[in-house]
Amino acid sequence: MSADAILEVADAVKDFDGLRAVDGASFHVERGSITALIGPNGAGKTTMFDLLSGFARLNTGTIRFAGRSIGGMAPHRIARLGLVRTFQLTRVLAGMSVMDNMLLAAPSQPGEHLPSLILGPRRARAAEARSRADAQALLETFGLRDKARDYAGALSGGQRKLLEIARALMTQPSLVLLDEPMAGVNPTLGRAILDHIAALREQRGTTFLFVEHDMDVVMSRADRVIVMAQGRVISAGTPAQVRADPAVVEAYLGSASPETTA
Amino acid sequence: MSCKIGRLAAWAAVSALAIVASAQGAGAEPLDLKIGALLESTGPLSELGPPAEKAINLSATVANKAAKDAGVEAKVTIVSADSQGDPQAALSATRTLVDKGASCIMGPSTTPESISVLNGITMQRKITLWPLASSTRLRTVKDDGTIYRPVPADDLQSKALVKAIENHVGKGKAVAIIFRNEPYGDALSKSFTTDWQAEGGTISSTISFDPQQESFDSEAGQAVDTNPDAYVVIDYPETYAKLGAALVRTGKFDAKKVFVADALSFAKVPDNIPPEALEGAYGVAGGSPTGTDAFKAFNKLWDEAGGVANASYTANSFDAAILCFLSAVEAGSTEPGAIRDKIRSVTKDGAPQFTIETLADAVKTAATGKEIDYVGVSGAFRFKDNGDPSSSLYDVFQYQGGKQVKIEQVNVK
Amino acid sequence: MSIDFWINVGVLAGIYGIFTLGLQLNAGFTGLLNFGQAGFMAIGAYTVGILVVDRGWSLWLALPAGIVLAVLAGLFVGIASLRLRSDHFAIATIAFAEIVRYTLQNAAFSGGNQGVLGFDAEWRAVSDWMLPWLATIGLGAYTQLPLFIVVWLAFVALLLMMKGLQATPWGRVLRGIREDEDATAALGKDVFAYKLQSLALAAALAAVAGFFVALNVTYLYPTVFDPTFTFFGYALLVLGGFASYGGVALGSVLFWTLLEGTRLIETSLSAGQQASLRFIIVGVFLLLISRLRPQGLLGNVNEMRVRP
Amino acid sequence: MTDTTQTERTEARASVLSSALAALPRPALLLAVLIVLLCALVIAFGPVRALQATVNGFVAGSYTGLGAIGLTLVLGVLKLVNFAHGDLLVTGAYFTILFAWLGLPLPLAMLTAMLATAALALATEKIIWQPLRLAKAGSLQLFLSAIGLGLVLRFTVQFFAGSQVRTLGANVVTSIAIGPLRLGTLQALALVVGISAMVIVGLVLRFTSIGKEMRAFADNRALAEVSGIDTQHIINVTWIASGFLAALSGILYATAIGSFNPNFGITLLLSLFAATVLGGIGNPYGALVGGLVIGLSQEWSTLLFNARWKPAVGFALLILMLMFMPQGIFGRAKRRS
């Protein structure tokens, strides 16, 4: 595949209880791109995200991330390699403050390990101060600065979505999987999220793979689009290429065009 | 010289007594004795609680009546607390009893509870403890003369069992031991094994069973499978009701081969134990002269009082409380240390004998400070230096028609 | 109620407090329903007793050995059953504690039915050294007071340690796991390793509590360590407050004042009925607290994640 | 989600161990294992001892299995770990004593006791469980409430009836001889009642509309609610059935064992849970089979070790089952949402 692929999936198969959720899917995601993963309900998109992030195990096939095989790796190890995900239904840590949610995501905090915590409390404190500054900055961008001390459980649905994305970015990832980042978010906020994603891609070269039903967003924001149906990848390419692919149109149950199924 | 000092001391003692006496006279203070009952009211041994409670309450009734009849101003009240069958809870329960002013403590039923209670509190306060635990382990702790056991220790009992089996089955026979997996059964089975083998006998099987079980059929089967000449059963009534039924169900069981230890000794076989499991069975009970007038009087009292059925060791609990009461009367004090020092004076060999039927006279005599010998429902008490009964006389009894019948007495020095 | 009564309540509250710090760490801060705490406590206490009596170790050396063994047991139980769903984990840990108890009752090394006795001479020496000193301030008559002082010193020290630990990034990861272990794993945290640490640390606390139980009871016997101990621990945890270490101290004192105080109520009931009544009160109380103030007195309702 | 991913990982590990056997359905696999074990025991200890232990295992297992049927319903349908279930057994037995004391003939007293216990179980739903559910209580609160309810039930019984040993006065010593083997008459009755209860509950769940609704509700609560089933009705019926079955098994246990006090429920409780988990939560056949498996393994173990280890054998089996077959013998792997 592409020489510059950060993520490569080949012939991925996943069964649940005799039900084949992913059926030999193959695709790749280019480094530094914003890629959309679309498909009708039941196409296997969320299962694919679970496979990529280690929450489900492949039956057969391979997944390579940044040159390493990550099929079967535990979720936390995949996350440490720089591949983080958000969830379709937001999963903020409701019983912790917004700031604690952010600080939890900070990578390589020595204070999280008992030996280094006890032996080097000062280093832990220094790392904590740095993380706090980073978190402040991210919360600022996502408009959550005033909420830093609130319990995450007290946030509105849209704010939770923002927090979850901000938290994922806090891990300093190279690839972020966003499962329906726009769902339940008001359009203004949604645009802000998308702008921020675009900016991050520019500044840090972060790669984004997102599942989205809003075809306007997909077509206007994504560099590449991957289409899944019935557990397989049926099409991949630029938005324009995908839109023109008859297989895609058919997959969306014969509807005139993908847009109408948002 | 020494004579002079002796006379001086006597004078001092007399005048001290006079002061005490006058102080008592001035206040005209009646004796207000509180006896603590440490009962297994809840927890794994909770079936032991109600009969023990009734026995101790009966003792208070009897003692109060005797005091009134004797014209002695003394009152016995029972304060009770739940030991939960657990050493730690027993310790807390005892603290409450002490808080409520108990001078003696009746119970608890197990060695672990007794040890924690002793080490934790009664020894420091010189409060006498009257445990129903018969384990020799209890004698490995230093008790400062505060433990008095109304039941004989296991090492004597195992010898009595050996004699009983030799008399009724024969020497050198094969015996199956079945015991409830608890300190009592465990310790007694070990000492019996040693004693029986020392006499040339064999042990065909030793089966211990967990009391918290749904069924005992496999255990029963294992016991009868070896076809022993005799069974030694060390068990409490609650579990023997189930185990005994299982033994009978094997179809190979003969109750006449059974020899039970003292926890299964009762005047009348309780309702819940199938008659077939005990009819014709033998047993031993330390210094428990069935058929005496005191024994009959106690059983009559028990039946008249209503409530729970009689069980094992109730007579021992009853006697212990009476001993505490008489000692307090003798001491003219409810101070635990003073009571402790008088226990041997109310169980004095050779002194005038009294039973529960003549308790009023006993109180009258004791109040004058004279030594007496209270012969209890469970027999006469002769305490060794360590507070264990020294009596080496055991009744061998047999259950005939559901009733305990004394067959003989054995001496196991 | 005399001073003795309060000292006894204090000793029990301190011991159960130390024990429950571990439950708080597990249930309150990690979301683990550990119902096997009494088993870890038994392992700690028996290790101390056996090493002192059978091997002639010093009591003070046996204590750390007991803690180490309890921690190993915690790791073993964790590795075997931490992957179970939460209610299965709870049942598995009870089963573990019961296996420990039956083993202690039946095995030869633990003294079986005869228990372990005679390990506390070195503690008695310390206690006897403290008593004259206490006598100078007029408290020499209370023989349980030295134990009370030592238990509470240990409890307060451990409480502060746990509180401090909870405020670190390490503690934050545990809270993250309590809230949502998948989301925490998705942020790169090794959830299993943290749960294991939480369980092992709770086992260590249980072993310390077991050490003090041994000093208090002076005799080791399996029934002391039955599951009721763990149930009581949870009862006082919820009373004092979910996810609050201060709540453990408050809850423990209140719970034991209630439980022991009910012994002192004078009624015309029989001993058996009064004993039953105590436990009816505890039961009603558990029902009421779960219903009316599920987060407990000092607990924070926001930290009490609703688990379906 | 949390739970399934974990279970799934464990399963993946376990399946490596038993991949060859995994093709067989679990009940058949279990039967095969039991037969192999029985053959081994027959060879090692002779047919009489091995078969007698097997008969005893069935008896012990029927006590637990029957008690577990009511427990598994509540656990399966309501997802409630009912720590008070053992005390419902006790309540049933003591209601019988109460009604007999009030003058009812024994069989009628037993029936009334079952109805009264069913009513009591329904009352606990109304007073305790429904409000907790509405308040969205977490598993810890539910656990503690169940423990609290258990204490209240057990000690209320003890308050009025005392802790001394009771008996229902049945003849517990007769037995049926099958060749050299013996089976107690009342024990046989317990076995028959246990199997009948299992079959009846199984048929009700399978063929009646309320049974189907209960299964649907157990499978997917949200879906059942959406599809217009009267969920509160299902919950009520579950509690009534659970209370009735608890009393039935409590009475049978009390009758067949012959001697009991208010503690018998709590001592039985962990075995009941073991049977439930072993059989697969929510499945009445599973509960009884789970009970029988525990009974068999405990009684068989007496051939190998001293009988005092019996309870520990049951707990060890429970832990092993939870680790390697968390869905139980008759349970189904949970489908991902």
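I looked up B:Tyr313 and found 12% relative accessibility, so it counts as buried (under 20% relative accessible area is buried, over 50% exposed, in between partly exposed, with a 1.4 Å probe and protein chains only). B:Tyr313 sits in the loop between α9 (293-305) and α10 (314-331) of chain B. Its phi is near 70°, a positive value in a residue other than glycine.

I noted that this is a predicted model, where local features need pLDDT of at least 70, side-chain atom pairs count only at pLDDT 80 or more, and totals for chains, interfaces and linings use all residues. Residues are numbered from 1 along each chain as its sequence is written, and chains are lettered from A in the order in which they are written.

I then checked A:Asp11. Its phi is near 50°, also positive in a residue other than glycine. A:Asp11 belongs to strand β1 (residues 5-16) of chain A (strands are DSSP runs of E, at least two residues; helices are runs of H or I, at least four, numbered from the N terminus). With 48% relative accessibility, A:Asp11 counts as partly exposed.

Next I looked at a peptide bond. The one from B:Gly107 to B:Pro108 is cis, with omega near -5°. B:Pro108 lies in the loop between β3 (104-106) and α4 (111-125) of chain B. For background, most peptide bonds are trans.

Last, I took two helices of chain C. The axes of α1 (residues 3-28) and α10 (residues 228-240) come within 9 Å and cross at roughly 75° (axes are lines fitted to C-alpha atoms, for helices over the stretch in contact, with angles from 0 to 180 degrees between N-to-C directions).

Methods: Side-chain values use heavy atoms; hydrogens and water are left out.
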